[in-house]
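Please look through the sequence and the model, and then follow the sections in order.

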Amino acid sequence: NDRPFNKEHLEGISPNLLEAFAAFYFSRLGFRQVFITPQSDDKGVDVVAINEHEGILVQCKSSKSSNKDLGWDAIKDVVGGTAHYQKQFPDVTFRRACFTNQIFNRNAIEQAKLNSVELIDKNVLENFISKQKITFSEIERYLSL
């Protein structure tokens, strides 16, 4: 599917496609090993991206409600899953991020700062999309990895 992916597609994006978009996003940022974790046992982390000894653990939250402010559940999830992936990849130093097609509320922003979690919201994603030529096929290929 070589249909262009644009910022309007973020609205109402499915959870699976948001995870694939997160994997695509981090691969475009230069991470060489990027994968979506198994949904049945993800330990609070949806996407793992690694480049040699540096990595990032990502929790994704999608919402079909436009302009919905998300709470800090995603932050709790990714912080809780860190130890599992650190044990699995002992030579990698992980950062943590939460990725959403909406925005985070004030409490989530505060908790993210306290727990060293980067927040990637719809404003960041819309800016990224505006600077890229992206197709659905580029994103969807991460669904099968």
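## Salt bridges

In this predicted model, the structure holds 6 salt bridges. One of them joins the side chains of Glu-138 and Arg-28, with a distance of 3.0 Å from N to O. This pair links distant parts of the chain, since Glu-138 belongs to helix H5 and Arg-28 to helix H1, 110 residues apart. Glu-138 has a relative accessibility of 25% and therefore counts as partly exposed, and Arg-28, at 36%, also counts as partly exposed.

The salt bridge between Lys-76 and Asp-73, whose closest N and O atoms are 3.2 Å apart, lies within a single element: both residues are in helix H2, which covers residues 73–88, and they are 3 residues apart, about one turn of the helix. Lys-76 is partly exposed, with a relative accessible area of 40%, and Asp-73 is partly exposed as well, with a value of 46%. A further salt bridge is formed by Arg-95 and Glu-118, where the closest N and O atoms are 3.6 Å apart. Arg-95 sits in strand S5 and Glu-118 in strand S7 (residues 117–120), so this pair ties together parts that are 23 residues apart in sequence. Arg-95 has a relative accessible area of 45% and is partly exposed, while Glu-118, at 35%, likewise counts as partly exposed. As a general point, side chains of opposite charge can pair when their charged atoms come close.

## Nonpolar cores

The largest nonpolar core has 30 residues, and the members that touch the most others are Phe-5, Phe-21, Phe-26, Val-47, Phe-99, Ile-134 and Ile-139. At least two residues of this core come from each of helix H1 (15–28), strand S1 (33–36), strand S2 (47–51), strand S3 (54–61), strand S5 (93–100), helix H4 (122–130) and helix H5 (136–140). Helix H1 gives the most, with 9 residues.

Which residues does Phe-21 touch, when those up to four places away in sequence are not counted? The contacts of Phe-21 are Phe-5, Leu-10, Phe-99, Leu-125, Phe-128, Ile-129, Ile-134 and Ile-139. In soluble globular proteins, nonpolar side chains tend to be buried together.

## Overall fold

The protein chain has 5 helices and 7 strands, and from the N terminus on these elements run α-β-β-β-β-α-β-β-α-β-α-α. The radius of gyration of the protein chain is 14 Å, close to the 15 Å that the globule rule gives for 145 residues, so the chain is as compact as a globular protein of that length. Taken along the principal axes, the C-alpha atoms fill a box of roughly 40 × 35 × 30 Å.

## Contacts and surface

Among contacts in the protein chain with a separation of 6 or more, 64% are between residues 24 or more positions apart. Of the 145 residues, 45% count as buried, a class that requires under 20% relative accessible area. The protein chain exposes about 7,700 Å², and carbon and sulfur atoms supply 46% of this area.

How values were computed. Residues numbered from 1 in each chain as written. Predicted model: local features only at pLDDT ≥ 70, side-chain atom pairs only at ≥ 80, totals over all residues. Heavy atoms only, no water. Core = buried A, V, L, I, M, F, W, Y, C linked by side-chain atoms within 4.5 Å. Buried < 20%, exposed > 50% of the residue type's maximum accessible area, 1.4 Å probe, protein only. Helix = DSSP H or I, 4+ residues; strand = E, 2+ residues; numbered from the N terminus. Contact = heavy atoms within 4.5 Å. Salt bridge = Lys/Arg side-chain N within 4 Å of Asp/Glu carboxyl O. Rg over C-alpha atoms; globule rule 2.2 N^0.38 Å. Areas by Shrake-Rupley, 256 points an atom, 1.4 Å probe, with all protein chains shown as cover.
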